[in-house]
Amino acid sequence: MIAIYPGSFDPVTNGHLDIIERAAALFDEIIVAVAPNTGKEPLFSAEERKEMLIEACRGIDNVCIDSFEGLLVEYARKTKAQVIVKGLRALSDFQYEFEMALTNRKLSPSIETMFLMTCAENSYLSSSIVKEIAALGGSVVGLAPDFVAERLRQKAREGIRRDIP
Ligand code: COA
(Lines give C-alpha, C1' and ligand atoms only; values in the text may rest on other atoms or scores of the structure.)
Protein backbone atom coordinates (compact mmCIF):
# COMPACT_ATOMS: atom_id res chain seq x y z
CA MET A 1 0.00 0.00 0.00
CA ILE A 2 1.24 3.50 -0.87
CA ALA A 3 0.95 6.38 1.61
CA ILE A 4 1.68 10.09 1.26
CA TYR A 5 3.19 12.13 4.05
CA PRO A 6 2.56 15.74 2.98
CA GLY A 7 3.88 18.88 4.59
CA SER A 8 5.70 22.10 4.02
CA PHE A 9 8.93 20.68 5.58
CA ASP A 10 10.48 24.14 5.86
CA PRO A 11 12.84 22.59 6.94
CA VAL A 12 12.60 18.87 7.81
CA THR A 13 13.05 18.25 11.55
CA ASN A 14 13.72 15.20 13.70
CA GLY A 15 9.97 15.15 14.44
CA HIS A 16 9.19 14.65 10.75
CA LEU A 17 11.90 11.98 10.49
CA ASP A 18 10.37 10.05 13.38
CA ILE A 19 7.02 9.98 11.54
CA ILE A 20 8.67 9.03 8.22
CA GLU A 21 10.60 6.13 9.77
CA ARG A 22 7.54 4.77 11.55
CA ALA A 23 5.30 5.16 8.50
CA ALA A 24 7.93 3.46 6.32
CA ALA A 25 7.67 0.42 8.58
CA LEU A 26 3.89 0.27 8.05
CA PHE A 27 3.51 0.83 4.30
CA ASP A 28 5.07 -0.58 1.13
CA GLU A 29 5.96 2.90 -0.04
CA ILE A 30 5.91 6.35 1.53
CA ILE A 31 5.87 9.42 -0.69
CA VAL A 32 7.09 12.39 1.32
CA ALA A 33 5.57 15.27 -0.60
CA VAL A 34 6.60 18.90 -0.24
CA ALA A 35 3.44 20.92 -0.66
CA PRO A 36 2.69 24.62 -0.64
CA ASN A 37 0.82 25.86 2.41
CA THR A 38 -0.94 28.98 1.13
CA GLY A 39 -0.87 30.49 4.63
CA LYS A 40 2.94 30.40 4.91
CA GLU A 41 5.87 32.19 3.29
CA PRO A 42 8.63 29.54 3.17
CA LEU A 43 12.28 30.21 4.01
CA PHE A 44 13.54 27.47 1.69
CA SER A 45 12.43 26.91 -1.92
CA ALA A 46 10.54 23.68 -2.70
CA GLU A 47 13.68 22.38 -4.42
CA GLU A 48 15.84 23.11 -1.33
CA ARG A 49 13.29 21.43 0.94
CA LYS A 50 13.29 18.36 -1.30
CA GLU A 51 17.10 18.23 -1.29
CA MET A 52 17.14 18.25 2.50
CA LEU A 53 14.50 15.50 2.68
CA ILE A 54 16.44 13.34 0.21
CA GLU A 55 19.56 13.72 2.36
CA ALA A 56 17.65 13.04 5.60
CA CYS A 57 15.88 9.93 4.25
CA ARG A 58 18.96 8.34 2.70
CA GLY A 59 18.97 4.78 3.97
CA ILE A 60 15.19 4.33 4.15
CA ASP A 61 14.55 2.19 1.08
CA ASN A 62 10.81 2.58 0.61
CA VAL A 63 10.69 6.39 0.84
CA CYS A 64 10.54 8.63 -2.17
CA ILE A 65 10.62 12.43 -2.09
CA ASP A 66 8.47 14.55 -4.36
CA SER A 67 6.60 17.84 -4.46
CA PHE A 68 3.26 18.93 -5.82
CA GLU A 69 1.03 21.93 -6.28
CA GLY A 70 -2.75 21.93 -6.06
CA LEU A 71 -4.98 19.62 -4.08
CA LEU A 72 -3.49 16.84 -1.99
CA VAL A 73 -6.28 14.42 -2.92
CA GLU A 74 -5.60 14.98 -6.63
CA TYR A 75 -1.94 14.24 -6.05
CA ALA A 76 -2.91 11.11 -4.09
CA ARG A 77 -5.08 9.91 -6.98
CA LYS A 78 -2.26 10.55 -9.46
CA THR A 79 0.28 8.62 -7.38
CA LYS A 80 -2.22 5.84 -6.52
CA ALA A 81 -1.79 6.48 -2.80
CA GLN A 82 -4.64 5.25 -0.62
CA VAL A 83 -3.54 6.79 2.66
CA ILE A 84 -2.49 10.27 3.83
CA VAL A 85 -0.22 10.09 6.87
CA LYS A 86 -0.04 13.04 9.26
CA GLY A 87 1.78 13.47 12.55
CA LEU A 88 -0.28 14.56 15.52
CA ARG A 89 1.62 16.44 18.20
CA ALA A 90 -0.59 17.96 20.85
CA LEU A 91 -4.23 18.74 21.40
CA SER A 92 -3.66 22.06 19.62
CA ASP A 93 -3.05 20.21 16.31
CA PHE A 94 -6.31 18.32 16.53
CA GLN A 95 -8.84 20.91 15.36
CA TYR A 96 -6.82 21.88 12.27
CA GLU A 97 -5.95 18.27 11.38
CA PHE A 98 -9.54 17.16 11.95
CA GLU A 99 -10.80 19.86 9.55
CA MET A 100 -8.22 18.93 6.92
CA ALA A 101 -8.93 15.20 7.19
CA LEU A 102 -12.69 15.74 6.89
CA THR A 103 -12.26 18.11 3.95
CA ASN A 104 -10.00 15.65 2.17
CA ARG A 105 -12.52 12.88 2.81
CA LYS A 106 -15.29 15.04 1.37
CA LEU A 107 -13.18 15.69 -1.72
CA SER A 108 -12.14 12.06 -2.09
CA PRO A 109 -13.94 9.50 0.14
CA SER A 110 -11.69 6.60 -0.88
CA ILE A 111 -8.53 8.19 0.53
CA GLU A 112 -8.03 7.57 4.24
CA THR A 113 -6.13 9.87 6.62
CA MET A 114 -4.05 8.14 9.28
CA PHE A 115 -2.51 9.94 12.26
CA LEU A 116 0.68 8.84 13.95
CA MET A 117 1.27 10.25 17.42
CA THR A 118 4.50 12.16 17.62
CA CYS A 119 6.90 10.77 20.19
CA ALA A 120 6.92 12.72 23.46
CA GLU A 121 10.30 14.40 22.99
CA ASN A 122 9.20 15.92 19.66
CA SER A 123 5.71 16.93 20.76
CA TYR A 124 6.64 20.63 21.03
CA LEU A 125 8.81 20.70 17.89
CA SER A 126 7.96 22.60 14.70
CA SER A 127 9.87 23.89 11.70
CA SER A 128 9.22 27.46 12.93
CA ILE A 129 10.82 26.73 16.31
CA VAL A 130 13.89 25.25 14.61
CA LYS A 131 14.14 28.30 12.29
CA GLU A 132 13.78 30.74 15.17
CA ILE A 133 16.45 29.06 17.31
CA ALA A 134 18.87 28.98 14.35
CA ALA A 135 18.12 32.61 13.39
CA LEU A 136 18.93 33.71 16.94
CA GLY A 137 22.21 31.81 16.94
CA GLY A 138 21.10 28.88 19.11
CA SER A 139 21.91 25.21 18.63
CA VAL A 140 19.36 22.92 16.97
CA VAL A 141 21.27 19.75 17.88
CA GLY A 142 18.74 17.04 18.61
CA LEU A 143 15.94 18.95 16.89
CA ALA A 144 17.01 18.67 13.24
CA PRO A 145 19.78 16.83 11.34
CA ASP A 146 23.22 18.51 11.42
CA PHE A 147 23.18 19.35 7.71
CA VAL A 148 19.83 21.16 8.18
CA ALA A 149 21.44 23.24 10.91
CA GLU A 150 24.22 24.13 8.44
CA ARG A 151 21.66 25.10 5.73
CA LEU A 152 19.93 27.34 8.30
CA ARG A 153 23.22 29.03 9.20
CA GLN A 154 23.91 29.51 5.47
CA LYS A 155 20.46 31.14 5.01
CA ALA A 156 21.14 33.44 7.96
CA ARG A 157 24.48 34.51 6.40
CA GLU A 158 22.76 35.15 3.02
CA GLY A 159 20.10 37.21 4.83
CA ILE A 160 22.75 39.33 6.55
CA ARG A 161 24.59 39.87 3.23
CA ARG A 162 21.32 40.98 1.58
CA ASP A 163 20.77 43.52 4.38
CA ILE A 164 24.20 45.15 3.81
CA PRO A 165 23.79 47.96 1.26
N1 COA B 1 7.27 16.80 14.30
C2 COA B 1 7.66 18.07 14.27
N3 COA B 1 6.98 19.06 13.70
C4 COA B 1 5.81 18.73 13.12
C5 COA B 1 5.33 17.42 13.12
C6 COA B 1 6.11 16.43 13.74
N7 COA B 1 5.73 15.17 13.79
N8 COA B 1 4.15 17.41 12.49
C9 COA B 1 3.91 18.66 12.11
N10 COA B 1 4.92 19.45 12.48
C11 COA B 1 5.02 20.90 12.29
C12 COA B 1 5.39 21.29 10.89
O13 COA B 1 6.79 21.42 10.74
C14 COA B 1 4.72 22.62 10.78
O15 COA B 1 5.54 23.60 11.41
P16 COA B 1 5.47 25.14 10.98
O17 COA B 1 4.03 25.58 11.16
O18 COA B 1 6.38 25.78 11.93
O19 COA B 1 5.91 25.19 9.54
C20 COA B 1 3.45 22.48 11.62
O21 COA B 1 3.74 21.43 12.50
C22 COA B 1 2.21 22.15 10.83
O23 COA B 1 2.45 20.99 10.08
P24 COA B 1 1.38 20.46 9.05
O25 COA B 1 0.06 20.37 9.70
O26 COA B 1 1.92 19.22 8.42
O27 COA B 1 1.27 21.65 8.06
P28 COA B 1 2.23 22.02 6.90
O29 COA B 1 2.17 23.48 6.74
O30 COA B 1 3.58 21.46 7.08
O31 COA B 1 1.54 21.28 5.65
C32 COA B 1 -0.14 20.82 4.00
C33 COA B 1 0.18 21.50 5.33
C34 COA B 1 0.86 21.24 2.94
C35 COA B 1 -0.07 19.31 4.20
C36 COA B 1 -1.58 21.23 3.60
O37 COA B 1 -1.62 22.64 3.54
C38 COA B 1 -1.99 20.66 2.26
O39 COA B 1 -2.45 19.53 2.20
N40 COA B 1 -1.86 21.44 1.17
C41 COA B 1 -2.28 21.01 -0.16
C42 COA B 1 -3.50 21.79 -0.64
C43 COA B 1 -4.77 21.09 -0.24
O44 COA B 1 -5.08 19.99 -0.64
N45 COA B 1 -5.56 21.80 0.58
C46 COA B 1 -6.80 21.28 1.08
C47 COA B 1 -6.55 20.47 2.31
S48 COA B 1 -7.92 20.65 3.39
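## Cysteines and ligand surroundings in a predicted model

The count of disulfides comes to 0 in this structure, which is a predicted model. A disulfide is a covalent bond between the sulfur atoms of two cysteines. To be counted as one here, a pair of cysteine sulfur atoms must lie within 2.5 Å. Cys64 does not meet this condition, because the closest cysteine sulfur, in Cys57, is 10 Å from the sulfur of Cys64 and therefore too far for a bond. Cys119 is likewise in no disulfide, and the cysteine sulfur nearest to Cys119, again that of Cys57, is 15 Å away.

The description now turns to the ligand. The ligand sits in the largest pocket. Around the ligand there are 26 residues, of which Ser8, Asn37, Lys40, Leu72 and Ser128 come nearest. Several elements of secondary structure take part in this shell: strand β1 (2–7) and the helices α1 (14–26), α4 (91–107) and α5 (127–135) each supply at least two of its residues. Helix α4 provides the largest share of the shell, with 5 residues.

In Leu125, a backbone N or O atom is placed 3.1 Å from a nitrogen atom of the ligand. In Lys86, a polar side-chain atom lies 3.3 Å from an oxygen atom of the ligand. On its own, the ligand has 930 Å² of accessible area, and the protein covers 86% of that area.

Is Lys86 buried or exposed? With a relative accessibility of 14%, Lys86 counts as buried, because that value falls under the 20% limit. The side chain of Lys86 is also joined to the side chain of Glu97 by a polar contact of 3.3 Å.

Methods. Residues are numbered from 1 along each chain as its sequence is written. This is a predicted model: local features need pLDDT of at least 70, side-chain atom pairs count only at pLDDT 80 or more; totals for chains, interfaces and linings use all residues. Side-chain values use heavy atoms; hydrogens and water are left out. A residue is near a molecule or strand if one of its heavy atoms lies within 4 Å of it. A polar contact is a pair of N or O atoms within 3.5 Å; within protein, one must be able to donate a hydrogen and the other to accept it, and residues adjacent in sequence count only if both atoms are side-chain atoms. Accessible areas come from the Shrake-Rupley method with a 1.4 Å probe; for residues, only the protein chains shown count as cover. On a 1 Å grid over the protein atoms alone, a cavity is a set of points where a 1.4 Å probe fits but cannot get out, and a pocket is an open set with protein on both sides within 12 Å along at least five of seven lines; lining residues have an atom within 4 Å of a point. A molecule sits in a cavity or pocket if more than half of its atoms lie within 2 Å of its grid points. Helices (H or I, at least four residues) and strands (E, at least two) are DSSP runs, numbered from the N terminus. Buried means under 20% relative accessible area, exposed over 50%, partly exposed in between (1.4 Å probe, protein chains only).
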